[in-house]
Amino acid sequence: MTTSSAINLDRRSSSRAVINSQIKYKVKDQTSYCAGKLLDLSQTGVLLELRHKLPENTRISIITKVDDIDESPIEIIAEIVRQEITNDDHYSYGCIILDVKNF
């Protein structure tokens, strides 16, 4: 007897949207921001590309870039839950969203 079942290899509980947008971010309790890139976004998480190595469980504040002066940037408070090194010596971080401000 042969049974067929679909296996979902994507661990996300909600769909994601490819964003590919510039951001600035800072580690919680630091005052200066660094440049980074928001690669994708879902209801529960974000995927970031950053130049700095950060440990898992680090809380970060992410500010979206806006082009229109009438728009307010969105601030996302997130926690790093996974990381990997990309081909160009940047770091890719999967983060869970803890809070969204100015939305």
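**A strand-by-strand chat**

D29 sits in the loop between β1 and β2. Keep in mind that this is a predicted model, where local features need pLDDT of at least 70, side-chain atom pairs count only at pLDDT 80 or more, and totals for chains, interfaces and linings use all residues. Residues are numbered from 1 along each chain as its sequence is written, and side-chain values use heavy atoms, with hydrogens and water left out.

Q: Is D29 buried or exposed?
A: Buried means under 20% relative accessible area, exposed over 50%, and partly exposed in between (1.4 Å probe, protein chains only). D29 comes in at 74% relative accessibility, so the label is exposed.

Q: How far apart are the C-alpha atoms of D29 and I60?
A: Along the chain, D29 and I60 are 31 residues apart.

Q: How many helices and strands does the protein chain have?
A: Helices (H or I, at least four residues) and strands (E, at least two) are DSSP runs, numbered from the N terminus. Read from that end, the elements go β-β-β-β-β-β. The tally is zero helices and six strands.

Q: In what order do the strands run around the closed barrel?
A: Two strands pair if DSSP finds at least two bridges between them. The pairing here is antiparallel, and the barrel of six strands is closed. On average, neighbouring strands are turned by 45 degrees against each other, direction ignored (axes are lines fitted to C-alpha atoms, and angles run from 0 to 180 degrees between N-to-C directions). The order is β1-β2-β3-β6-β5-β4.

Q: Which strands does β3 pair with?
A: On one hand, β2 (residues 34–42) pairs with β3 over four antiparallel bridges, and the two form a hairpin with two residues between them. D40 has L47 as its bridge partner in β3. On the other hand, six bridges join β3 to the antiparallel β6 (residues 91–101), with E49 bridging to S92. That gives β2 and β6.

Q: Why is β3 largely enclosed by the rest of the structure?
A: G45, L47 and E49 point one way from β3, while V46, L48 and L50 point the other way, and all are buried. The strand covers residues 45–50, and it is largely enclosed because the buried count is six of the six residues.

Q: Is C95 buried or exposed?
A: Contact means heavy atoms within 4.5 Å. Leaving aside neighbours within four places in sequence, the contacts of C95 include V46, L48, I60 and I80. At 5% relative accessibility, C95 counts as buried.

Q: How many disulfides are there?
A: A disulfide is a pair of cysteine sulfur atoms within 2.5 Å. C34, for its part, counts as partly exposed at 28% relative accessibility. By that cut-off the count is zero.
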